[in-house]
Amino acid sequence: LMDVFEAIRQRRSIRSYEDREVEEEKLMQVLQAARGQQFVAEAPVVIVACAVEHEHVMPCGHPSHLIDVAIATDHITLAARALGLGTCWIGAFDRRMVRDVLGIPDSVEVVELMPLGYPTDWPAPRSRKGLDEAVCYDGWQD
C-alpha cells in the first residue's frame with residue numbers, strides 16, 4: 001500500500017472512470033476509513049455522505065456534522081488513492097432529488113456525493129499556492 005503522505009501528494013479529483021467494478025475488498029477498506037458514516041453505493045460506486053445527527057454546533061459556531069463528514073470523506077479519498085482508486089468531491093447536486101431517489105428521510109442531512117472507481121487517466125498536479133501565500137505565523141497577515 002501507498003504511504004499516506006504519497007497518497008496526499010497524488011490525490012486528484014477524478015472525473016472519468018473505467019467501466020470496471022471496484023473489488024468488494026477495496027470498497028470495504030475505503031468505507032472503513034470513514035469510521036462508519038452512512039453511505040449508499042451505485043455502480044461503479046457513488047458514496048452519498050449523510051449526517052444522521054446534525055443539530056450540534058461546536059463552541060466555535062460551526063455545525064459539527066459538516067466537519068465530521070468532511071473528515072470521514074477525506075479519509076475515503078486518501079484510502080482510495082492508496083488502493084489505486086480515484087474520487088471527486090461533488091457539492092453541486094440537488095439534495096431533494098438525492099433524497100427521493102435513495103429514499104433518505106428528511107431527518108437525515110445529505111452532505112456530499114463522491115464517485116469512486118478506477119480512473120481512465122490520472123490528471124497532472126495542479127499548481128498550488130506557495131506556503132508564503134497560504135500560511136500565516138504569529139497572527140493574520142495580508
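Which residues have the most contacts inside the largest nonpolar core? They are V22, L27, V30, V45, I47, L85 and L116. The legends below show where they sit.

This is a predicted model, in which local features need pLDDT of at least 70, side-chain atom pairs count only at pLDDT 80 or more, and totals for chains, interfaces and linings use all residues. Residues are numbered from 1 along each chain as its sequence is written, and side-chain values use heavy atoms, with hydrogens and water left out.

**View 1. The largest nonpolar core.** This core has 14 residues. Another core, of seven residues, lies apart from it and includes V98, V108, V110 and L113. A nonpolar core is a set of buried Ala, Val, Leu, Ile, Met, Phe, Trp, Tyr and Cys residues joined through side-chain atoms within 4.5 Å. Buried means under 20% relative accessible area, exposed over 50%, and partly exposed in between (1.4 Å probe, protein chains only). Helices (H or I, at least four residues) and strands (E, at least two) are DSSP runs, numbered from the N terminus.

**View 2. The surroundings of V45.** V45 touches V22, L27, M114, P115 and L116, not counting residues up to four places away in sequence. Contact means heavy atoms within 4.5 Å.

View 3. L27, V30 and L31 are the buried residues of helix 2. Seen down the helix axis, they fall within an arc of 95°, so they line one face. The arc is that of the directions from the helix axis to the C-beta atoms. These buried residues pack against strand 1 (46–51), helix 3 and strand 3. The face turned away from the buried side carries the exposed residues E25 and Q32.

**View 4. H65 in helix 3.** H65 lies in helix 3. H65 is buried, with a relative accessible area of 11%. Not counting residues up to four places away in sequence, H65 touches A51, E53, H54, E109 and V111.

**View 5. D138, with a positive phi.** D138 lies in the segment after helix 5 (131–134). Its phi is positive, about 60°, although D138 is not a glycine. Most residues other than glycine have a negative phi. D138 is exposed, with a relative accessible area of 87%.
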